[in-house]
Amino acid sequence: MRRRTLLRGLGLLAGAGAVGGLSSCGDDPVPPPPPTSPDGLPQGRLTYGDDPSQYAELSRPAGEPRGVVVVLHGGFWRAEYGLDLGRPLAADLTGRGWVTLNVEYRRVGDGGGVPETLDDVAAAIDLLARTDLGLDLTTVVTLGHSAGGHLAAWAASRGRDERWAGGVDVTAVVSQAGVLDLRAAAEEGVGGSAVEDLLGHPYGPDDAIVDPARQVPLDVPVWCVHGTSDPIVPPSQSVGYVEAATAAGAEATLVEVDGDHFTVIDVSSTAWARTVEVLDSLG
């Protein structure tokens with residue numbers, strides 16, 4: 001499927017709360033990584049539970065890694081879309097010297113929602129601490145698109161709830177067109193009923209612990225990359241988050257780019273190049 005056709009189809013689906021995501025910009029899907037790296041080190045598919053969706057794909061670069069990027073795909077937390085959306089990003093970043101962990105998780109429709117989806121993201125990130133992997137965890141960046149942007153920012157605050165405390169620390173967050181304010185998204189109908197479906201009920205005060213906008217300030221820097229012409233997740237999600245975070249004394253940066261919801265995950269785009277620049281400043 002060509003990119004233009006895919007974008008048109010996803011744009012129509014988004015109004016019904018189906019997805020915000022893009023599998024690849026060409027005709028051929030990006031394959032999963034092999035089970036070992038050229039150096040013979042473990043990589044490829046790693047499981048963190050018994051459910052078919054509880055796995056991630058680890059890829060290692062040639063030479064000394066610059067750090068680790070955890071890739072969290074979008075799709076309004078729904079089961080229709082999976083980690084194949086993140087493979088082009090992971091492949092590009094691995095080629096640029098990063099260890100990448102492309103995460104699958106239980107989504108709404110296949111056993112996910114709150115708290116299961118968050119349980120899975122936390123457990124997947126904690127895979128990085130496996131001693132047999134031998135990873136340097138000085139730099140661990142969560143990179144998420146759309147609903148994955150929510151998960152990327154949430155992962156940096158998970159220690160505030162004892163259910164998810166402990167494990168591998170996130171040192172920076174890059175949100176790409178992320179759903180960062182669940183309350184506003186629910187009120188505005190972003191993704192249709194996506195937020196209510198994720199939570200399992202209408203948004204309420206008790207949901208603040210899983211809402212990035214209610215968890216500012218974070219102790220780590222956050223970059224919000226957002227297309228100014230995004231019709232699916234409004235740029236106000238990123239603008240409002242950065243304004244609130246900086247007002248609270250946190251380090252947060254808005255990176256506005258030309259394009260729509262999917263430009264930011266097109267690895268041939270200028271918008272993706274801006275994301276790469278952010279990561280270059282970290283590793």
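**Note on the predicted model**

1. Because its relative accessibility is 39%, D280 counts as partly exposed (buried means under 20% relative accessible area, exposed over 50%, partly exposed in between, with a 1.4 Å probe and protein chains only). D280 belongs to helix α8; helices (H or I, at least four residues) and strands (E, at least two) are DSSP runs, numbered from the N terminus. Between D280 and P217 there are 63 residues in sequence and 24 Å in space, C-alpha to C-alpha.

2. The model is predicted, so local features need pLDDT of at least 70 and side-chain atom pairs count only at pLDDT 80 or more, while totals for chains, interfaces and linings use all residues. Residues are numbered from 1 along each chain as its sequence is written, and side-chain values use heavy atoms, with hydrogens and water left out.

3. The chain has a mean pLDDT of 91, with 90% of its residues at 70 or more; pLDDT is the predictor's confidence in each residue, from 0 to 100. Over residues 1-27, pLDDT stays under 50, and the model has 63 contacts beyond four places in sequence for them (contact means heavy atoms within 4.5 Å). Where pLDDT is low, the predicted coordinates should not be read in detail.

4. Helix α8 spans residues 270-280, and A271, W272, T275, V276, V278 and L279 are buried there. These residues lie on the same side of α8 because they cover an arc of only 155° around the axis, the arc being that of the directions from the helix axis to the C-beta atoms. Their cover includes strands β3 (68-72), β5 (140-145), β6 (172-176), β7 (222-227) and β8 (252-257), together with helix α2 (87-95).

5. In helix α3 (residues 116-126), the buried residues are T117, L118, D120, V121, A122, A124 and I125. Among the elements covering them are β3, β4 (99-103), β5 and α4 (147-155).

6. The model has 1 cavity of 30 Å³ or more. On a 1 Å grid over the protein atoms alone, a cavity is a set of points where a 1.4 Å probe fits but cannot get out, and lining residues have an atom within 4 Å of a point. The largest cavity holds about 60 Å³ of space, a volume being the space filled by probe spheres set on the points, which are joined across faces, edges and corners.

7. Residues lining the largest cavity include H73, L89, Q176 and I265. β3 and β5 each supply at least two lining residues, and β5 gives the most, with 3.

How values were computed
On a 1 Å grid over the protein atoms alone, a cavity is a set of points where a 1.4 Å probe fits but cannot get out, and a pocket is an open set with protein on both sides within 12 Å along at least five of seven lines; lining residues have an atom within 4 Å of a point.
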